[in-house]
Amino acid sequence: MDENFMKKLQLLRDDCGFPFKINSGYRCKKHNDKVSKKSMGDHARGLAVDVAITDRYKREDFIGGRYKLEYFNDMAIAKTFIHIAKGRTKSGIGIY
Ligand SMILES: [Zn+2]
């Protein structure tokens with residue numbers, strides 16, 4: 001994982017005040033190509049994690065924290081997790 005990414009993720013975790021269960025972090029390119037067509041390789045560069053979140057209020061804290069930090073620039077929301085990443089030039093929010 002990218003060291004600065006992990007520092008920012010810890011800041012986000014501190015801001016949220018709840019533990020992050022990481023469903024998926026770093027992936028080798030081969031595995032990433034198999035499981036994801038959407039992530040543009042952010043997981044394979046150590047610049048993305050999928051954090052397990054199902055609670056609506058925790059989602060609110062997590063997403064609010066993302067904007068406060070002004071670091072992460074990509075996000076995708078699924079029923080059971082949120083993908084958060086750094087690496088794209090244009091910010092966005094996707095859904096699964
Ligand atoms: Zn992801």
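This is a predicted model: local features need pLDDT of at least 70, side-chain atom pairs count only at pLDDT 80 or more; totals for chains, interfaces and linings use all residues.
Visitor: What helices and strands does the protein have, and in what order do they run?

Guide: The protein has 3 helices and 5 strands, and from the N terminus on its elements run α-β-α-β-α-β-β-β.

Visitor: What makes the radius of gyration of the protein agree with that of a compact globule?

Guide: The rule of 2.2 Å times the number of residues to the power 0.38 puts a compact globule of 96 residues near 12 Å, and the protein has 12 Å, so the two agree. The C-alpha atoms fill a box of roughly 35 × 25 × 25 Å along the principal axes, and 23% of the 96 residues count as buried. Among contacts between residues at least 6 apart in sequence, 56% join residues at least 24 apart.

Visitor: Why are β1 and β5 said to stand at the edges of the sheet?

Guide: The 5 strands form an open sheet in the order β1-β2-β4-β3-β5, with mixed pairing. In that sheet β1 (22-24) and β5 (92-95) each have a single partner strand, so one side of each is left without a neighbour in the sheet. The twist from one strand to the next averages 25°.

Visitor: How do you know that β1 counts as paired with β2, and in which sense do they run?

Guide: Two strands pair if there are at least two bridges between them, and 2 bridges join β1 to β2 (residues 48-52), the two running antiparallel. Within this pair, Ile22 stands opposite Val51 in β2.

Visitor: What makes the pairing of the sheet mixed?

Guide: On the antiparallel side, β2 and β4 pair over 5 bridges, with His83 in β4 as the bridge partner of Asp50. β3 (residues 74-77) and β4 (residues 81-85) also pair in the antiparallel sense, over 4 bridges, where Ile77 has Ile82 in β4 as its bridge partner. By contrast, β3 and β5 pair in the parallel sense over 4 bridges, with Gly92 in β5 as the bridge partner of Asp74. With antiparallel pairing between β3 and β4 and parallel pairing between β3 and β5, the sheet is called mixed.

Visitor: How many residues lie between the strands of the hairpin that β3 and β4 form?

Guide: There are 3 residues between β3 and β4 in this hairpin.

Visitor: Why is β2 called largely enclosed?

Guide: A residue is buried if 20 or more other C-beta atoms lie within 10 Å of its own. In β2, 4 of the 5 residues are buried, so the strand is largely enclosed by the rest of the structure.

Visitor: How do you know that the span of α1 is close to what is expected?

Guide: Helix α1 (residues 3-16) has 14 residues and reaches 20 Å from its first C-alpha to its last, and at 1.5 Å a residue the expected span is likewise 20 Å. Just after α1, Gly17 takes a positive phi of about 80°.

Visitor: Why can the buried residues of α1 be said to line one face?

Guide: The buried residues of α1 are Phe5, Leu9 and Leu12, and seen down the helix axis they fall within an arc of 55°, so they line one face of the helix. An α-helix has 3.6 residues a turn, so residues three or four places apart point the same way. What covers the buried residues of α1 includes β2 and α3 (56-69). The face turned away from the buried side carries the exposed residues Glu3, Asn4, Lys7, Gln10 and Asp14.

Terms used
Residues are numbered from 1 along each chain as its sequence is written. Axes are lines fitted to C-alpha atoms, for helices over the stretch in contact, and angles run from 0 to 180 degrees between N-to-C directions. The expected span of a helix is 1.5 Å times one less than its number of residues. A residue is buried if 20 or more other C-beta atoms lie within 10 Å of its own, exposed if 12 or fewer, and partly exposed in between; C-beta atoms are placed from the backbone. The arc is that of the directions from the helix axis to the C-beta atoms. Two residues are in contact if their C-beta atoms, placed from the backbone, lie within 7 Å.
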